[in-house]
Amino acid sequence: MASLTRNLGLAFLCVLFGFVCFSNAQLSSNYYGVSCPNLQTIVSNAVRQAVNREARLGASILRLFFHDCFVNGCDASILMDDTTTFTGEKNANPNRNSLRGFEVIDTIKTQVEAACPNVVSCSDILALAVREGVVLVEGPSWDVQFGRRDARTASLSAANTQLPQTSSSLSTLISLFSTKGLSSSDMTALLGSHTIGQARCTTFRKRIYDETNIDSQFATTLRATCPASGGDANLASLDVQTPSRFDNNYYQNLVARRGLLHSDQELFNGGSQDALVRSYSTNDGAFRSDFAAAMVKMGNISPLSGNNGEIRRNCRAIN
């Protein structure tokens, strides 16, 4: 009762004196409705220009968001550069020589700052850019929630331990997603993001040369792109059928044992996710709906709010 009285008293003072009072309120889809009403137009136009220039960037931005949210929440820590006095997450094993699209976020931030200075966080810009990128490659849309603030810190060690690896087993994947409050069904839907984008030879070489749960013709074709030694940076599409279109062919490929990464094929390998993979492989609508819902859920992982964090002026460095 005393706690309730204190909270009501604080709320009254906030209204009476016009204080800016923060709480751990949930994110909101209209957070910038007054403070930056053109935000969605700015981001949409910038992402469209980027994806028109290089279709792969839609997938790259999506991966940035995933790798950000999985390390201490969706706080834009993934965007920060290393300096002589600061160690970020870009050189973690799952990120080094792999993450792309930073310059797209830089461009958007510059334009947003010109329109609404010191208002919109880098983490919210990234969250919105992801949705726009997915929509541009014919993927589903969802209501992006806003109100995140940007981290002043990053964690190289957490990035090395909390992000799934391309070699992860199904049990490891389920465990890693579970620690972020995401169910195994959320995981299977979210990994459907591999319906777009590409992967480097070094991430799938072992699968195409050493593993047996792989279509033999698929493996043979990939060996021409990815030799047994050398060519580590050579690229292959995660979805060989429609690599630039968001659809359920990723799951059809898994059923046919044509998952590019070991971690992909783990979703359909005699385990707990087989039935859901089969369902998504024949029901594109169910996949799209579940993916959109899971993206909202992932975007709510441990956001900074109130006086925590800051609104970075440059997404690559703390203020």
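Biologist: Which residues is Asp-75 in contact with, leaving aside its neighbours within four places in sequence?

Modeller: In this predicted model, Asp-75 is in contact with Asp-68, Ser-123, Arg-149, Asp-150, Ala-151, Leu-304 and Arg-312, once neighbours within four places in sequence are set aside.

Biologist: Where is Asp-75 found?

Modeller: Asp-75 lies in the loop between α3 and α4, the latter covering residues 102-115.

Biologist: Is Asp-75 buried or exposed?

Modeller: Asp-75 has a relative accessible area of 5%. Buried means under 20%, so Asp-75 is buried.

Biologist: What does Asp-68 touch, not counting residues up to four places away in sequence?

Modeller: With those residues not counted, Asp-68 touches Gly-73, Cys-74, Asp-75, Ala-76, Ser-77, Ile-78 and Leu-126.

Biologist: Turning to the records, which residues does the UniProt annotation "binding site" cover?

Modeller: According to the unreviewed UniProt entry, the annotation "binding site" covers Asp-68, Val-71, Gly-73, Asp-75, Ser-77 and Glu-89. These residues are spread over 22 residues of sequence, yet they cluster in space, with a largest C-alpha distance of 13.0 Å.

Biologist: Now the cysteines. How many disulfides does the structure hold?

Modeller: The structure holds 4 disulfides. A disulfide is a covalent bond between the sulfur atoms of two cysteines.

Biologist: Which cysteine is joined to Cys-69?

Modeller: Cys-69 is joined to Cys-74, with an S to S distance of 2.0 Å. Both Cys-69 and Cys-74 are buried.

Biologist: Is the disulfide of Cys-69 and Cys-74 right-handed or left-handed?

Modeller: The torsion about the S-S bond of Cys-69 and Cys-74 is about 115°, so this disulfide is right-handed.

Biologist: And which cysteine does a disulfide join to Cys-122?

Modeller: Cys-122 is joined to Cys-315, with an S to S distance of 2.1 Å. The pair links distant parts of the chain: Cys-122 is in helix α5 (residues 122-136), while Cys-315 is in the segment after α14 (284-299), and they are 193 residues apart.

Biologist: Why is the disulfide of Cys-122 and Cys-315 left-handed?

Modeller: The torsion about the S-S bond of Cys-122 and Cys-315 is about -95°, so the disulfide is left-handed. Cys-122 is buried at a relative accessible area of 0%, and Cys-315 counts as buried at 2% relative accessibility.

Biologist: What about Cys-201: which cysteine is joined to it?

Modeller: A disulfide joins Cys-201 to Cys-226, with an S to S distance of 1.8 Å. Cys-201 is in helix α9 (residues 201-210), and Cys-226 is in the loop between α10 (216-223) and β2 (235-237), 25 residues apart. The torsion about their S-S bond is about 65°, so this disulfide is right-handed. Cys-201 has a relative accessible area of 0% and is buried, and Cys-226 is likewise buried, at 0%.

Biologist: Back to α3. At what angle do α3 and α14 pack?

Modeller: Helices α3 and α14 pack at an angle of about 45°, and their axes are 10 Å apart. The two helices are therefore oblique to each other.

Biologist: Which residues make the contact?

Modeller: From α3 the contact involves Leu-62, Phe-65, Phe-66 and Cys-69, and from α14 it involves Phe-291, Met-295, Met-298 and Gly-299. By class, the contact of α3 with α14 has 7 nonpolar residues, 1 polar residue and no charged residues.

Technical notes. Residues are numbered from 1 along each chain as its sequence is written. This is a predicted model: local features need pLDDT of at least 70, side-chain atom pairs count only at pLDDT 80 or more; totals for chains, interfaces and linings use all residues. Side-chain values use heavy atoms; hydrogens and water are left out. A disulfide is a pair of cysteine sulfur atoms within 2.5 Å. Buried means under 20% relative accessible area, exposed over 50%, partly exposed in between (1.4 Å probe, protein chains only). Helices (H or I, at least four residues) and strands (E, at least two) are DSSP runs, numbered from the N terminus. UniProt positions are given in the numbering used here, feature names are shortened, and annotations may be inferred rather than shown by experiment. Contact means heavy atoms within 4.5 Å. Axes are lines fitted to C-alpha atoms, for helices over the stretch in contact, and angles run from 0 to 180 degrees between N-to-C directions. Angles under 35 degrees count as roughly parallel, over 145 as roughly antiparallel, 65 to 115 as roughly perpendicular and the rest as oblique. Ala, Val, Leu, Ile, Met, Phe, Trp, Tyr, Cys and Pro count as nonpolar, Asp, Glu, Lys and Arg as charged, and the others, Gly among them, as polar.
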